[in-house]
Amino acid sequence: MEPSGTQKKARTFDFMAMFEEARQTARERNQDKGDTTGETVQETTEKQKTPKDDSSDSSDSDSDSDSSSSSDNEGSTDEPKQRSKGGNSDDDIIGPPLPPGFAQVGGDDSKMAGSSMAVSKSGDSEDENDDEEDDEEESLDKKIPSSHDLVLDHGSKTVSALALDPSGARLVTGGFDFDVRFWDFAGMDASLQSFRNLRPCECHQIKSLSYSTTGDKILVVAGSAQAKVIDRDGFEVLECVKGDQYIVDMASTKGHTAMLNSGSWNPKIKEEFLTCSNDGTLRLWDVNQSKRHKGIIKPKSNSGRRTIPTTCTYSNDGIYIAAACQDGSIQLWDHRKHTFVNVALYNRSAHMNGSETSCLCFSYDGTVLASRGGDDTMKLWDIRKFKEPLAVVKDLENFFPMTDCLFSPDDQMVVTGISVRKGQGPGKLIFFDRNTLNRVTEMEISDSSVVRALWHPRLNQMVVGSGDGMVRVYYDPKKSHRGAMLCVVKQKRKAKQVQVMASQTIITPYALPMFRQGKPTSTRKQEEKVRKDPLKSRRPDLPVSGPGTGGRVGAKGATLSQYVVQTLITRKPDKYENDPRGAILRHAKEAEENPYWVDPAYKKTQPNKVFQEPETEKKDDDDTPLWKKQKIS
């Protein structure tokens with residue numbers, strides 16, 4: 001037991017001694033491994049060494065050993081002798097051994113040899129990389145994942161909207177049939193059935209669908225004036241407010257007043273999204289504020305008048321908001337500014353005036369903008385030099401206001417679809433080189449137009465929507481990941497057999513043949529019954545007695561029209577028809593002799609009635625001059 005007054009002493013460590021011990025063990029390990037790899041090289045160098053070199057090496061080693069022994073209190077006298085055997089090469093080598101091809105030979109010559117070998121190997125590797133890059137550049141078409149495909153049946157009408165979530169687990173499709181379908185690649189089997197089908201905007205065609213950056217919300221843009229936000233399962237989260245269409249200034253309204261054209265989520269702010277409409281405005285919305293828009297942009301034409309934006313999008317870094325308008329212009333605004341009065345970049349003659357530009361897409365590096373015009377062209381624009389296009393492709397037919405164009409995940413190709421008329425050939429998906437827009441290859445999709453297309457960078461799979469209502473997913477098992485490859489390998493689920501009890505016939509006792517009554521041999525009673533029925537016996541109408549019923553008049557005729565005609569003919573002429581005064585006065589004598597209603601009450605106070613006598617018209621003498629005739633005032 002220790003006395004109560006004493007305290008435990010703290011343990012001390014000699015760090016210099018520990019460091020020297022670790023250094024010595026590292027040298028010994030390197031010496032053992034170096035002997036196996038460069039044994040022949042060391043033998044040749046030892047033979048070439050002179051006595052002077054040995055003495056200098058030994059002196060250097062002794063001095064090194066003395067300095068190390070002075071720093072290490074527990075060092076032994078045998079350490080200098082062991083270290084002197086290794087020479088200067090052991091002092092230079094600290095750490096793990098070099099690879100076999102990079103073993104040191106000795107002195108400066110060894111360093112030069114090692115450096116030359118390293119340079120030669122690095123040069124070889126660079127040549128190999130250059131060769132591989134050349135092969136990749138020459139075969140852009142081999143990067144397209146098109147070896148396998150599967151078909152998803154959306155409906156019978158055009159697929160006008162496609163969206164894949166950022167993880168690539170779910171696909172959402174919308175079409176002209178007003179329906180939105182949800183597809184889960186991990187939950188589907190080989191039957192390829194959607195797990196949910198809904199109609200979020202009633203009887204309005206779906207124009208655009210897009211997932212938010214987090215993948216938990218979907219923006220639905222339809223033909224109505226109100227955009228909707230739904231969650232991953234299809235339940236409504238937000239419905240934008242509708243503006244007052246009788247207000248001229250669109251900035252004074254709370255929302256859009258005309259049909260929507262397109263929409264997009266902000267890639268940097270997860271609560272913000274953008275919509276454009278036929279009312280000539282672009283509006284910024286916040287998911288948490290549904291009563292009013294967050295900001296408004298009013299694009300102007302070259303003459304300063306209102307123009308309609310047909311499509312809109314954000315740049316990948318969220319700095320620019322781009323919109324294409326019906327006057328053929330492409331305009332960009334800086335999102336970092338609070339007001340969007342001035343345009344940051346614009347080109348008034350990007351496409352033909354009056355055409356509807358169907359799509360704008362930024363490259364992944366953010367320097368190039370691709371536009372798919374309604375004038376059957378596709379153009380590439382450098383936002384650093386926005387006045388002239390980098391390249392133009394013509395004769396790309398476009399019949400739909402939402403035909404897509406997009407960049408490949410490696411930014412080496414630009415992809416778009418072409419529209420075809422019924423019976424005039426297959427719809428195609430065409431791939432172009434990004435730098436020159438030279439055609440790389442093309443894929444025949446179906447006998448209808450190619451409207452929508454996606455190339456997911458994470459899955460490396462393409463989704464194409466066409467005019468026949470089919471959605472095709474293209475993939476390559478060697479290049480693609482997950483996605484459609486998950487559901488193809490699953491077998492179809494067997495339909496559950498429901499056991500239903502067969503309906504048993506219940507026989508009542510009186511339904512047995514022994515209880516049935518035999519048919520009567522005589523039909524007299526049946527005929528009498530039928531005879532009493534006026535419908536079955538087809539009895540004629542009985543003569544009408546009285547005034548008549550059912551439109552038949554008994555006394556004057558068989559029908560109402562006959563009765564009216566007969567009364568008009570047999571009616572006596574009324575002599576007072578044109579003399580209403582005489583018609584009233586004909587009852588004066590009877591009323592005076594036999595007063596009944598008014599006169600008894602006012603007999604004492606009522607004055608005698610005096611009526612104006614009718615005046616006889618004086619005949620004018622035709623011979624009397626006009627100036628002598630009396631003027632009637």
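Of the 633 residues of the protein, 36% count as buried, where buried means under 20% relative accessible area, exposed means over 50%, and partly exposed lies in between (1.4 Å probe, protein chains only). The structure is a predicted model, in which local features need pLDDT of at least 70 and side-chain atom pairs count only at pLDDT 80 or more, whereas totals for chains, interfaces and linings use all residues. Residues are numbered from 1 along each chain as its sequence is written, and side-chain values use heavy atoms, with hydrogens and water left out.

The protein exposes about 42000 Å², of which carbon and sulfur atoms supply 50%; accessible areas come from the Shrake-Rupley method with a 1.4 Å probe, and for residues only the protein chains shown count as cover. Twelve helices and 28 strands are present in the protein, with helices (H or I, at least four residues) and strands (E, at least two) taken as DSSP runs and numbered from the N terminus. Among contacts between residues at least 6 apart in sequence, 48% join residues at least 24 apart, a contact being defined by heavy atoms within 4.5 Å.

Strand S3, which comprises residues 170-175, is mostly covered, since six of its six residues are buried. In a regular strand the side chains alternate between the two faces of the sheet. In S3 both faces are covered, with Arg170, Val172 and Gly174 buried on one side and Leu171, Thr173 and Gly175 buried on the other. S3 pairs in the antiparallel sense with strand S2 (residues 159-164) over five bridges, two strands being regarded as paired if DSSP finds at least two bridges between them. Within this pair, Val159 stands opposite Gly175 of S3, and the hairpin that S2 and S3 form has five residues between the strands, including Gly168 in the turn, which has a positive phi of about 80°. S3 also pairs with strand S4 (residues 180-184), again in the antiparallel sense and over five bridges, and here Thr173 stands opposite Arg181 in S4. The hairpin of S3 and S4 has four residues between the strands, and Phe178 in its turn has a positive phi of about 70°.

An open sheet is formed by four strands in the order S14-S15-S16-S17, with antiparallel pairing. Its edge strands are S14 (309-314) and S17 (345-347), each of which pairs on one side only. Neighbouring strands of this sheet are turned by 15° against each other on average, direction ignored; the axes are lines fitted to C-alpha atoms, for helices over the stretch in contact, and angles run from 0 to 180 degrees between N-to-C directions. Strand S16 (residues 330-334) pairs with S17 in the antiparallel sense over three bridges, and Leu332 has Leu345 of S17 as its bridge partner.

Strand S18 (residues 359-362) is covered on both faces, Cys359 and Cys361 being buried on one side and Leu360 and Phe362 on the other. S18 and strand S19 (residues 368-372) pair in the antiparallel sense over four bridges, with Cys361 opposite Ala370 in S19. The hairpin of these two strands has five residues between them, and Gly366 takes a positive phi near 80°. Cys361 counts as buried at 16% relative accessibility, and Cys487 counts as buried at 0%. The closest cysteine sulfur to that of Cys361 belongs to Cys405 and lies 5.7 Å away, which is too far for a bond. With a disulfide defined as a pair of cysteine sulfur atoms within 2.5 Å, the count for the model comes to zero disulfides.

Two further buried residues illustrate individual surroundings. Met378, located in strand S20 (residues 378-382), is buried with a relative accessible area of 0%. Residues touched by Met378, not counting those up to four places away in sequence, include Ala391, Cys405, Phe432 and Leu437; the C-alpha atoms of Met378 and Ala391, 13 residues apart along the chain, are separated by 8.5 Å. Ser212 is found in the loop between strand S6 (206-211) and strand S7 (217-222), and is buried with a relative accessible area of 2%. The side chains of Ser212 and Asp216 are joined by a polar contact of 3.1 Å, a polar contact being a pair of N or O atoms within 3.5 Å, of which, within protein, one must be able to donate a hydrogen and the other to accept it, while residues adjacent in sequence count only if both atoms are side-chain atoms. Ser212 also touches Pro166, Lys217 and Trp265, not counting residues up to four places away in sequence.
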